[in-house]
Amino acid sequence: MPHGTSIDVANGDEPQIAEGAFGLAPDWSKAPLSPEGRRWVSACVLGFVNALGEHVLISMRGGNPNLRATVTADERKDFTFQEAAFYGDIFSEMPTAYVCRGRGGPVTSSSRAKRLCSDPSARPGVSQCDMIITGNCADVCAKEDPIDHAYSGCRSADRTYDEVVTVFLPVDP
């Protein structure tokens with residue numbers, strides 16, 4: 001939803017409010033998510049998941065015009081470590097969560113040690129956050145935006161997703 005909007009997503013007696021920020025599914029406050037909206041919101045949520053529960057500043061980028069509009073020139077300059085891209089549909093009857101590994105960057109990011117969702121677990125093909133690892137983004141995604149370096153057209157075993165959020169981390173000074 002756009003910044004400044006919210007909905008109550010409570011599943012029981014406790015109210016739980018979801019605040020809008022990027023506008024990936026602008027009609028969500030008025031109607032159920034469309035299939036495309038479900039995939040955009042899924043990619044966004046998956047991009048924020050952090051197995052260690054530590055706050056880490058990230059830059060979220062993707063082909064959605066509303067998301068693209070939130071990325072500043074300073075953010076592009078300061079967040080150049082391409083961690084991973086996230087996609088799937090966590091709202092489907094059989095929730096799906098995919099991650100592909102980014103290419104990193106020419107410099108290091110100490111934030112990378114605090115984010116494990118693109119790292120393999122003891123189970124082959126599954127990340128430490130229980131997402132299916134599809135490979136390196138450069139190999140499984142059809143396109144990389146030349147300005148934001150966000151991926152789209154990323155493959156899973158059964159389909160291709162255009163609703164993809166690529167996460168960048170700040171580089172160390």
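A search of the whole structure finds 11 salt bridges, each being a side-chain nitrogen of Lys or Arg within 4 Å of a carboxyl oxygen of Asp or Glu. The model is predicted, so local features need pLDDT of at least 70 and side-chain atom pairs count only at pLDDT 80 or more, while totals for chains, interfaces and linings use all residues. Residues are numbered from 1 along each chain as its sequence is written, and side-chain values use heavy atoms, with hydrogens and water left out.

- Asp89 and Arg38 form a salt bridge (2.5 Å, N to O).
- This pair links strand E4, which holds Asp89, to helix H1 (residues 35–48), which holds Arg38, across 51 residues; helices (H or I, at least four residues) and strands (E, at least two) are DSSP runs, numbered from the N terminus.
- Asp89 is buried at 7% relative accessible area, whereas Arg38 is partly exposed at 25%; buried means under 20%, exposed over 50% and partly exposed in between (1.4 Å probe, protein chains only).
- Arg39 and Glu163 also form a salt bridge (2.9 Å, N to O).
- Arg39 is in helix H1 and Glu163 in the loop between strand E9 (160–161) and strand E10 (165–169), 124 residues apart.
- Both Arg39 and Glu163 are buried.

**Other salt bridges**
- Glu83 and Arg115 meet in a salt bridge (2.9 Å, N to O).
- Glu83 lies in strand E4 and Arg115 in the loop between E5 and strand E6 (132–136), so the pair ties together parts 32 residues apart in sequence.
- Both Glu83 and Arg115 are buried.
- A network of salt bridges links Arg101, Arg112 and Asp119.

**Loop residue Phe91**
- Phe91 is in the loop between strand E4 (81–89) and strand E5 (96–104).
- Phe91 is partly exposed, at 36% relative accessible area.
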